[in-house]
Amino acid sequence: MIETHELTKRFGDFLAVDRISLTVQPGTIFAILGPNGAGKTTTIRMLTSILAPTSGWARVAGFDVVRQPTEVRARVGVLTEQHGLYQRMKAVEYLDFFAQLYHLPPALRRRRPLELLEHFGLADALDKRLGEFSKGMQQKLALARALLHDPAVLLLDEPTSAMDPQSARLVREAIRDLQRAERTIIITTHNLTEAQMLADRIGVIRHGRIIAAGTFSELAQRFVGPPLMELHVANGLNGLADALRDQVQLVEHGSGWLRYRTANPAEDNPAILRRLLGLGVEVITLSEVSRTLEDVYLQIVREDEGHDSHGEPEPSVR
Amino acid sequence: MKGTIPMASLSHPYADSLARRAAFSRTLSNALIVTRREVRDSFRDWRIMSPIFLLTLVFPLLANAMTDLFITFFEENGAEPLLPALLPLLPMIVGFFPVSISLVIALETFVGEKERLSLEPLLATPLTNTELYLGKSFAAMLPPLLASYIGIAIYVGGLVFGDTQWRPPLVLVVQILVLTTVQALVMVTGAVVISSQTTSTRAANLLASFIIIPMSMLVILESIIMVQPHRRYVLWFLALGLLVTVALLVRMGARLFNREELLGRSLDQLNLRWIGRTFMQQFRGPQLRRTTPGAWYRTSVMPAVRALARPATVTVLCAATAFAGGWLAADRWPLPLDRVAVDDATLVENLQAWFELGRSNPGLILAAIGQNLRALALATMLGVFTFGVLSLIVVMLPFGLLGYILAQVAAAGLDPLPFLAGIAPHGVVEIPAILLAGAAALRLGSIITHPPAEMPAGEAWVRALADTVKIGIALVLPLIALAGMLEVAVTPRIVELVLAR
């Protein structure tokens, strides 16, 4: 579990992270999104006890990041933005070095690196120096390093950025496995599709503040409005569209289609279908117009830019 | 690629093993994990191994050949007596050259890793700052030291088992081994300090001149001492001094080598605006811009003086030690005071002339003030570059001299009252000013070795500088000015009165 309260980091006059409060439960994936320099990496570094907060507090896996840094780091697996592998080492040597640092028991120390290398499809590259690895291979090895000690908490910075689609899918599956194994996971990414696919909850960070947080549906509802539905009928609407205004918020319509918003699709959609069928209208399709995280994210950032000067930080994120 | 992600089934991953290990052995064991990796990495780097190989195996053999050549040349020219003085320079160089590579490795292992961005994964492990610091320092030191010892062994072996006429005395070999070791320690601990303050190998190499230049001067000094066999005992003191330097650098490095400093520092840019603002903030103190002198003394100057408690204690103790040392030295190097026959009347006449000169020439007061201020400014500047050591020495000198003179007076059976009268009237003001300035200079020079927690070393230094300037302006300058006036206008009169009793 990760808990932070009013977590703040200043570098001289520069406020890198501004009063971030959040809770991430075990078995949850929390995605932090934000432009470059927003404070994502600094937040991750504070949660890894690499940087000390200027004020506020954070507990990771039950340990205080300031008072118990060694305990925190022993329970956190970090995939850093830059993988920083030792170019002259081989994969097994590299993982063995970190296995020693994490004090893995000898039998596990021998077994675990090989298991992970095989899992990530690196078993064929055991004899290669890391300098010869492709970017994707390096990223997979860095992820293997983060998972080596089976940490309770994972902090993953751009976990699939350099990977081919097949490898990226493998890594996403690995992350889901870890989620099912009740690990607490934070990912920071610019890949909004991936964040939407993986994350249970999403936080958008800008100028060091979390400006919005919640599930995708909550954020979409709040920032781009209720779900947008699109209805197609067989014989034309014949003025029926205006008649539906009393039930839903009509957005636009044509001769054989219409779009409306509804805050409560579970109730409104069946009611509309019943009404149309009662009127003898033949419905071809009724579906939700896809809303992407990109739309939501851009809207969040746009709104925040609008009230930059007097914005208050997002209240505690649960 | 297969199945689900393998889990390690560790219910409490490290708590048990961490708890089982004693703190010290754990620290050492963790440090050695880092050391082993780094050393293995160094041994795989041909850029490091090539010079080590050459300096370890080839250079000692060349030095052996040089020794033969020197002996033949000196013998042919009838200068054999010079051989015992000059030949030890060769094993000294044989030992020093490989050790000099430790500087390169230290810069590479610290800054190089930072530059290649491989440091952060290491910082995210449970290693403590001390373990990382020790592990990397050992790694930087061990290969060059090993190379140096092997080089000396090959050189000495070549002499012992070859047909060269010269056999270096055992004590000389031990002395060279000790010097080589402490030199490596100084270079590595210095490189750690430099590494922690830079983000690129280029910047670190530029800053390395702060190590290379003093080390070169040191080697020249060692050579000068080495060629004087009867003074070679001084080299032991030199080694001791280097060990003290190592202790200071280790303290400084351990403080600076922390995650916050290593990752928080992303630019090597000199931020003059920030420096100016921090300086002025510390100089003004917590008061708002408009403040009265009284409030400034109370809220800004006095806290700065209170911060001098420890350096002031050290300064006073050192001054007392210097006084005692001066007193004891008087026995060994006595002045022929008993042969100087100056009667009191002549002294009174001289003092009257001095007094009249001071009264008619106020510039003398300025000269006295200027002299003291110059000495204190010099002490402060020297302290900045020597962790405060030279500022202490400069402050100790007058006290040593005072002890020496008073001991001479006592030993010659002269009346000490006129001498005390010549010191006390202005000394009452001047001595506290000197001690205060000395303590401030010591703090300024040494604060970088132990900056306050949660404060970067640079900021701590700028604030200490502001405190030093503040104390200088608010207290030392007025005291020195007052002492100057007393020294010129009052002290001669008091002495005159004492002599005229």
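Visitor: Which share of the contacts in chain A with a separation of 6 or more comes from residues 24 or more positions apart?
Guide: This is a predicted model. Contacts here mean C-beta atoms within 7 Å. Among those in chain A with a separation of 6 or more, residues 24 or more positions apart account for 68%.

Visitor: What secondary structure does chain A contain, and how many strands?
Guide: Chain A has both helices and strands. The helices come to 11. The strands come to 14.

Visitor: How much of chain A counts as buried?
Guide: A residue is buried if 20 or more other C-beta atoms lie within 10 Å of its own. Chain A has 318 residues. The C-alpha atoms of the chain fill a box of roughly 75 × 50 × 30 Å along the principal axes. The buried share of the residues is 42%.

Visitor: Which strands stand at the edges of the open sheet of 4 strands in chain A, and why is one side of each without a neighbour?
Guide: The order in this sheet is S2-S1-S4-S5, with antiparallel pairing. Each edge strand has a single partner strand, so one side of it is left without a neighbour in the sheet. The edge strands of chain A are S2 (14-24) and S5 (63-64).

Visitor: Which residue in S4(A) stands opposite A:Ile2?
Guide: Strand S1 (residues 2-11) of chain A runs antiparallel to strand S4 (residues 55-60) of chain A. They are joined by 5 bridges. Opposite A:Ile2 stands A:Val60.

Visitor: Which helix of chain A packs on that sheet?
Guide: The helix touches S1, S2 and S4 of chain A. Its direction makes about 60 degrees with that of S2(A). It is helix H1 (residues 40-47) of chain A.

Visitor: What is the bridge partner of A:Glu230 in S13(A)?
Guide: Strand S11 (residues 228-233) of chain A pairs with strand S13 (residues 257-261) of chain A. The pairing is antiparallel, over 5 bridges. The partner of A:Glu230 is A:Arg259.

Visitor: Which residue in S14(A) stands opposite A:Leu231?
Guide: S11(A) also runs antiparallel to strand S14 (residues 283-288) of chain A. Here, too, 5 bridges join the strands. The residue opposite A:Leu231 is A:Leu286.

Visitor: How many residues of the side of chain B that touches chain A are nonpolar?
Guide: The contact takes 41 residues from chain A and 33 residues from chain B. On chain B, helices H1 (15-20), H2 (23-43), H6 (119-123) and H12 (259-264) each supply at least two residues. The side of chain B includes 8 charged and 6 polar residues. The nonpolar residues number 19.

Technical notes: Residues are numbered from 1 along each chain as its sequence is written. Chains are lettered from A and ligands numbered from 1 in the order in which they are written. This is a predicted model: local features need pLDDT of at least 70, side-chain atom pairs count only at pLDDT 80 or more; totals for chains, interfaces and linings use all residues. Two residues are in contact if their C-beta atoms, placed from the backbone, lie within 7 Å. Ala, Val, Leu, Ile, Met, Phe, Trp, Tyr, Cys and Pro count as nonpolar, Asp, Glu, Lys and Arg as charged, and the others, Gly among them, as polar. Two strands pair if DSSP finds at least two bridges between them. A residue is buried if 20 or more other C-beta atoms lie within 10 Å of its own, exposed if 12 or fewer, and partly exposed in between; C-beta atoms are placed from the backbone. Axes are lines fitted to C-alpha atoms, for helices over the stretch in contact, and angles run from 0 to 180 degrees between N-to-C directions.
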